[in-house]
Structures are given as C-alpha cells and as structure tokens.
Amino acid sequence: MTGRCHPLLAAVVAAAVLLACGPGAEAQVRLPPPPKAPPLVGAKKPAAKKAAAKKPAQQKKKGAKKPVPKKPVAKKPGAMGQPRAPQRANAQRKPAQPRRLVDLYPQGLPAKPTAPKPAPAKGAPAVTPDILKLDNAWFYKGGKFDVERGKDAVVALMKHHGYPVFPKIREKIWVSDYGLGQYTKVGLAAVMFQNNVKDRYMLMDLFLMPGQMLPEHWHLAGEGNPAKLEGWLVRHGQSHVVGEGADNCALPIPAIHDGGKVTVKHVVTANPGDFVPLNRAEAHHWQMAGPAGAIITEVANVHTDSAVRHQDKVMNDYFLKGG
Ligand SMILES: [Fe+2]
C-alpha cells in the first residue's frame, strides 16, 4: 500500500478535482465581477449625465423665448387677447367719485350743506341734486364774485356728472358772473381747449349751473377773424338753446338780464348727445341749463373776445373790459 494509490481512491480524487474545477467553476473564476473603473473625463456615462443635466437648461432657454413666464404678463389687465381676471377687473375699478361736500368745496362749504344723493341715470335729470343747490350769496365775498368758489362749483358739477376732471383743468376754468352779482341766475364757466386763430378752429366746453342763463349775445367779425359760427353738443345735463325762429319760449328770463328781456325766443331743448347748430353767423343766441345744470361742448371756426356783443349793456361793457 505504501507509495501507491488505490485505483478506486484515485478515481474518487480525480472526480472530486473534476467537480471542483469543471467548466462552470472555470467560468466563475474567469469572469469575476469587473472592477469599478475610475471615472474618466469624456466617458460615456458621465457624458450622458451631462446631457441629461443640460436638458433643463435648454428648456429654460426655450421657455425664456416664449412669452411664457408670462404669468404676470398674462394676468396684466388690458393685455391684448387676455381675458380679464375677475379680481383684476375689481382691482381696476376706480373708487367712487368723492361726494363729500368738504372735498367738493375746498374754499368753504355751501350755506346749507345737505346729504349728497347718487348721480342720476344718464339722460335729462328732472331734479337738482343737493350738491348743486347753491345759494347765490355763497358765491360772493364782500360783495365781490369769488372766482375760486365759482371754480369749486364747476368742479362739483363735473364730478357729479362724471365729466373727466383733467389734471390742472381747474387752472383753465374761466368763470364769470358778468358783473351782475347774480351768478346762480346769469353766468358762465368755460374751458377753452383750443382756439387756433391761424387755422381758425376752436374747441371749448361750457359749464352751466342748474337753471343758470348764458346771456344773450352774438359774434361779429374782428381782429381779422370772421364772425364766429358755432354749434353745441350737450354732453351732460340739459340745455335749452335759444336763437332765431318761431317763439316757443316759456323759460323764466331773470329780471337781472336786460330787465327780463331777450330778443330771440326759439327754444331747442338739448339732452346728452344732442347737437344744435347756430343757424347763421351774427345771429343772437343764449342758453339756459336744466335742473341738473349742463356741460356742453362748443365747436366753432374761431373765437374772438373783442368781437362778442351782449344784449344787456352792463354785461356788454363788463365783458369787453375783460370780465
Ligand atoms: Fe356764442
């Protein structure tokens, strides 16, 4: 037995070796899990990651080109084609016009302040709103017409009717009682927006307080200008426009106006949107506002102060002196 292997034992050992080193065992040995390669610059995997990382950046670029981050833009009120968000619409709504007397009359309150009423519906109001019921004496200080109070009343009229109170419009208001001391009965306020003497056109807005009369007058040629030919568009309130034609006048002419007289008596009652032209240059004309006053746009070829004549002599003299 010494030094010699039993044939059976040799066979068993050989089988064991075969089993341990068979083809399967060989494969496991030859293909161990590959060692982790160190990251390489430009290797595929990191490159793919880089590309993936770039994606959002590219999207961002595209997004920047679009009107996308337009969240604020889309919500912008008034943007073309953008439906208006309800909250936006509400936010845009302007606060109601001030109706406190103290706001409307910074020079001092009218004699009998009363609670303001809401503005009447569009059209010809039949009653005088309380904020426009002004005592004649309130317009005078020391017997002299107070221009600032006259302007207060005009601005109150503007606000009451929703007329745009343009910036610095107060400075442009011309207001006069024609020296008669009865502004609530006879007087006028106006804003001359344009009087182009060179090209001969003008645009002016007239403001009449409730029941106030714009006195009878006419226009001559003067200073190289032709006689003024004009027409009136009532924008707010109501105005009785009076000129040549059949007498249909039942309006109360104030006694302070030439002893209660007028020479033309054809009345055309104009409400908002009505335009009434003067029938001819140099024709006499006058107006009287309805119960809520009147705001009237006047258009004409050109206006010349020195060429205006008034039927009432006191008024005529006063006006020609620059009153
Ligand atoms: Fe006139």
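Reply: Gladly; what follows goes from the whole chain to single residues. Keep in mind that this is a predicted model.

Me: Let's begin with the overall picture. How many helices and strands are there in the protein chain?

Reply: The protein chain has nine helices and eleven strands. Of its 323 residues, 26% count as buried. Among the contacts with a separation of 6 or more, 71% are between residues 24 or more positions apart.

Me: What is the mean pLDDT of the protein chain?

Reply: The general idea comes first: where pLDDT is low, the predicted coordinates should not be read in detail. Here the mean is 77, and 63% of the residues reach 70 or more. Among the elements, strand 9 (residues 275–277) has the highest mean pLDDT, 98, while helix 2 (residues 23–30) has the lowest, 39.

Me: Where does pLDDT stay under 50?

Reply: One such stretch is residues 71–91, for which the model has eleven contacts beyond four places in sequence. Another is residues 115–121, with twelve contacts of that kind.

Me: Which residues does L208 touch?

Reply: Leaving out residues up to four places away in sequence, L208 touches L188, L214, S239, Q287, A289, G293 and A294.

Me: Which way do strand 6 and strand 7 pair with strand 10?

Reply: Strand 6 pairs with strand 10 in the antiparallel sense, over three bridges. Within strand 10, Q287 is the residue opposite L214. Strand 7 also pairs with strand 10 in the antiparallel sense, over eleven bridges. E230 stands opposite A300 in strand 10.

Me: Let's turn to helix 7. Why does its length agree with what a helix of 15 residues should span?

Reply: At 1.5 Å a residue, the 15 residues of helix 7 should span 21 Å, and the end C-alpha atoms are 21 Å apart, so the two values agree. After helix 7 comes G162, whose phi is positive, near 75°.

Me: Is helix 7 mostly covered or mostly exposed?

Reply: The general idea is that an α-helix has 3.6 residues a turn, so residues three or four places apart point the same way. Helix 7 is mostly covered, with twelve of its 15 residues buried. Among them are R149, K151 and D152, along with V154, A156 and L157.

Me: Why does L157 count as buried?

Reply: L157 is buried because 27 other C-beta atoms lie within 10 Å, and 20 or more is the cut-off. L157 sits in helix 7. Beyond its neighbours within four places in sequence, L157 is in contact with L132, F207, M209, G293 and I295. L157 and P129 are 28 residues apart in sequence, and their C-alpha atoms are 9.9 Å apart in space.

Me: And V175: buried or exposed?

Reply: V175 counts as buried because it has 22 C-beta neighbours inside 10 Å. V175 lies in strand 3 (residues 173–176). Setting aside neighbours within four places in sequence, V175 is in contact with V147, G150, K151, V154 and A189.

Me: One last residue. Is D135 buried or exposed?

Reply: D135 is exposed, because 11 other C-beta atoms lie within 10 Å and a residue with 12 or fewer counts as exposed. D135 is found in the loop between helix 6 (101–104) and strand 1 (140–141). D135 and Y183 are 48 residues apart in sequence, and 9.6 Å apart from C-alpha to C-alpha.

Definitions and conventions: Residues are numbered from 1 along each chain as its sequence is written. This is a predicted model: local features need pLDDT of at least 70, side-chain atom pairs count only at pLDDT 80 or more; totals for chains, interfaces and linings use all residues. Helices (H or I, at least four residues) and strands (E, at least two) are DSSP runs, numbered from the N terminus. Two residues are in contact if their C-beta atoms, placed from the backbone, lie within 7 Å. The expected span of a helix is 1.5 Å times one less than its number of residues. pLDDT is the predictor's confidence in each residue, from 0 to 100. Two strands pair if DSSP finds at least two bridges between them.
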